[in-house]
Amino acid sequence: MDVTLEKSLPLKGEIEIPADKSITHRAFMFSALAKGVSRIKNYSLGADCMSTLEIIKQLGCEVDFTDTGILTVNAKNALTAPKSSLNCGNSGTTTRLIAGILAGQKFNSKLYGDESLSKRPMKRVITPLELMGAKLIHNDYKLPIEINGSSLHGINYNSALSSAQVKSCILLAGLNAEGETIYTEPYKSRNHTELMLEYMGADLKVNKNSVVIKKSELSPIDITIPGDISSAAFFMAAALIVPDSDIVLKNVGINETRSGIIDVIKAMNGDIELINERLVSNEKTADIRIKYSDLKALTIEGEIIPRLIDELPVITVIASQAKGTTIIKNAGDLRNKEADRITAVTKEMKKLGADIEETSDGFIINGKQSLKGGCEIECYHDHRIAMSAYISGLICESPIKINNFQWVDISFPEFLTIIKKLTVL
């Protein structure tokens, strides 16, 4: 599906942000490990999360979509051997987290994915899992991966990178490992796994950038999932750069390990306000009001990077409209996403007329630049590049065409419907 769009009128109104994808993945997987019935409200319908849901069904869980909008997961007994290979689709979260769960089971399994996922690095989880005693067969640390169920033991693992997926994989393996598993990372990555495991009764302790977990049984949960701040980021960006915009985003998760985008917007002189802050199922949540702003440049680096890694493509769009030079550093892991996001974003933003250069681990963006548009943009099979391009198109002088926009369905199938609700006719 290709999408053509023109320069936007001001964006006004209130919208509800769809459920957080990261938390949805975890709610599905962790409920599969808890004997009994878990009830999940406001879950993501993105293709990645549906990959996770299909896998837990193959592992013996009964799943039911109720008329009241609640998803029930009934995990009566231990997980059971799948009758066929497990398809992770395009989802790195599914692959890495489920690998941690499966490594310590009493049966064998096999993970595979689409062409894009099959190119993504898995050594980062395979190495620590093997140190725990896991038996894995792979092709140069890529999918497909055969997992021969084995007995695991705890380890003290110091990770070279801050990655919530790696951390979650090892903690989930530690749930079923003898002894104590300690995971330490350079900077604190998103902590949805720790919060949910704690919520479900796991024997877990957090000390700064380290997490300690012992073999535990999880209790079933009733959980309401907040809106996804990574999805909200696109609307934040749109309101900041489309003149005279003023919008409210309802029910957004503002977990401190994910809210780097809010800190960056404030530092760039963005007009943003958190309203009705509250705790929902152990996750901080708020409504966010954001308006068109006179933005200024800044340098983004260091420990804030793990808190906004997924938002960096759209932050480059914001930076193109900020006075001065914005520098993004220490974001080399962007090259290991669905696409090489550093090269891809730079190439497509240049087409639009942005003054942007790539570095080995980030970007240099000179603003404020008028985006001319009048071109075709490629998505690289990457949902965040597709949506970032769309936000850019809202301020381009000439219409742009985004090819293969259907990749947004990976995380945000409701994107077009929701953003059109904000356009003043």
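Two strands pair if DSSP finds at least two bridges between them. Helices (H or I, at least four residues) and strands (E, at least two) are DSSP runs, numbered from the N terminus.

This is a predicted model, where local features need pLDDT of at least 70, side-chain atom pairs count only at pLDDT 80 or more, and totals for chains, interfaces and linings use all residues. Residues are numbered from 1 along each chain as its sequence is written, and side-chain values use heavy atoms, with hydrogens and water left out.

Let's start with the sheet. Strands E8 and E9 run antiparallel and are joined by 5 bridges; Leu136 has Ile147 of E9 as its bridge partner. The open sheet has 4 strands in the order E6-E7-E9-E8, with mixed pairing. Its edge strands, E6 and E8, each pair on one side only.

Contact means heavy atoms within 4.5 Å. Axes are lines fitted to C-alpha atoms (for helices, over the stretch in contact), and angles run from 0 to 180 degrees between N-to-C directions.

| Helix | Residues | Strands | Angle |
|---|---|---|---|
| H3 | 92-102 | touches E6, E7 and E9 | about 175 degrees with E7 |
| H4 | 123-131 | lies across E8 and E9 | about 155 degrees to E8 |

Finally, look at helices H10 (341-352) and H11 (383-393): their axes come within 11 Å and cross at roughly 20 degrees. H10 and H11 are therefore roughly parallel to each other, a term for angles under 35 degrees. Their contact involves Arg341, Ala344, Val345, Met349 and Leu352 of H10, together with His383, Arg384, Ile385 and Ser392 of H11.

Note on methods
Angles under 35 degrees count as roughly parallel, over 145 as roughly antiparallel, 65 to 115 as roughly perpendicular and the rest as oblique.
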